[in-house]
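Welcome! Let us take a walk through this structure together, from single residues to the whole chain.

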Amino acid sequence: MIVITTPTGQIGRQILDALLDGERQVRVIARDPSRLSARVRERVDVVPGSHGDRDVVMEAFAGADSVFWLVPPDPRADSVERHYLDWTRPACEAITRHGVERVVAVSTLGTGIEKNAGHLTASVAKDELIKSTGVGFRALRAAAFMENLLGQADSIREQGTFHLPSRADRVLATIATRDIAAAAVRLLLDDSWNGQAGVPLVSPDRLSPDDMARIMSEVLERPVRCRPVPLDAYKEAAVSRGASEGWAQGLVDMAAAQIDGAYDAEHHSSQPSPTGFRQWCEEVLRPAVLA
């Protein structure tokens, strides 16, 4: 039995699609099961509720061999690290209670991020909590998601701009969520591994925001440029959209760590994933912008 959290999210949805017609039994935890397609509801076991709820994960993890774990964001949370840990503690209890053998979790790329790196630090703390159960564990140590740019599709379409809290000439490691999902699927279907380790996930590119803008311009056949956002303005914008002070500061601390080179060492040394930024722009960004 494989349990999938966030089955309607960016990554969880792709994992579920890949597993749906296979031979393994699949169970999902869904806060709103009505968002699952009829095909999904016919083929998988659905446990309704939040996977941050102890009773829900206790029910869902019963009889499970492997679990895909992802902590969903909550911009209203006062503390980023407390949010990650409070969400994961019930799962750790259920992992131990039911003897789950393997957990695959979305985490983050980066070195020197154990403190003062906002969401990166919180993700590392979550990994350590899961590892403390002794379960077989693989942390999918992902770079910045290319899909984060989809939230700026309107700005790219209408104004020819996107904004990042980074220097325009600073290389930023990225990854397509399809490659995160593919790595998760491989691990969830493989019963041979054990122990605890990280799996760095980066694209084959070494691009700055200016480089990304050039590729977007070529793919979209219109001028696109990046406008770097100062960190104080980045925080103000997050708060104005409803984020708590603590959550917004976590975003700023994460961006500062990225600017300071948290991803650099592993970006150089890791085996690249298949999807390059140009391919992603052609297959994902272009349809979103031109819709």
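A residue is called buried when its relative accessible area is under 20%, exposed when it is over 50%, and partly exposed in between, using a 1.4 Å probe and protein chains only. Please keep in mind that this is a predicted model, where local features need pLDDT of at least 70, side-chain atom pairs count only at pLDDT 80 or more, and totals for chains, interfaces and linings use all residues. Residues are numbered from 1 along each chain as its sequence is written, and side-chain values use heavy atoms, with hydrogens and water left out.

Let us start with T275. You will find T275 in the loop between helix 11 (264-269) and helix 12 (277-290); helices here are DSSP runs of H or I with at least four residues, strands are runs of E with at least two, and both are numbered from the N terminus. Is T275 buried or exposed? T275 counts as buried because its relative accessible area is 3%. Which residues does T275 touch, if neighbours within four places in sequence are left aside? They are M146, A176, R178, D179, S203, P204 and W280, where contact means heavy atoms within 4.5 Å.

T6 is not a glycine, yet has a positive phi of about 45 degrees. T6 sits in the loop between strand 1 (2-4) and helix 1 (10-19), and is buried, with a relative accessible area of 15%. N116, also a residue other than glycine, has a positive phi near 60 degrees. The loop that holds N116 runs between strand 5 (102-108) and helix 5 (119-131). With a relative accessible area of 70%, N116 is exposed.

Now step back to the whole protein chain. There are twelve helices and eleven strands, and the C-alpha trace spans about 55 × 40 × 40 Å along its principal axes. For 291 residues, a compact globule would have a radius of gyration near 19 Å, and the protein chain agrees, with 19 Å; this radius is taken over C-alpha atoms, and the globule rule is 2.2 Å times the number of residues to the power 0.38.

How much of the protein chain is buried? Buried residues make up 55% of the 291. Among contacts with a separation of 6 or more, 76% join residues 24 or more positions apart.
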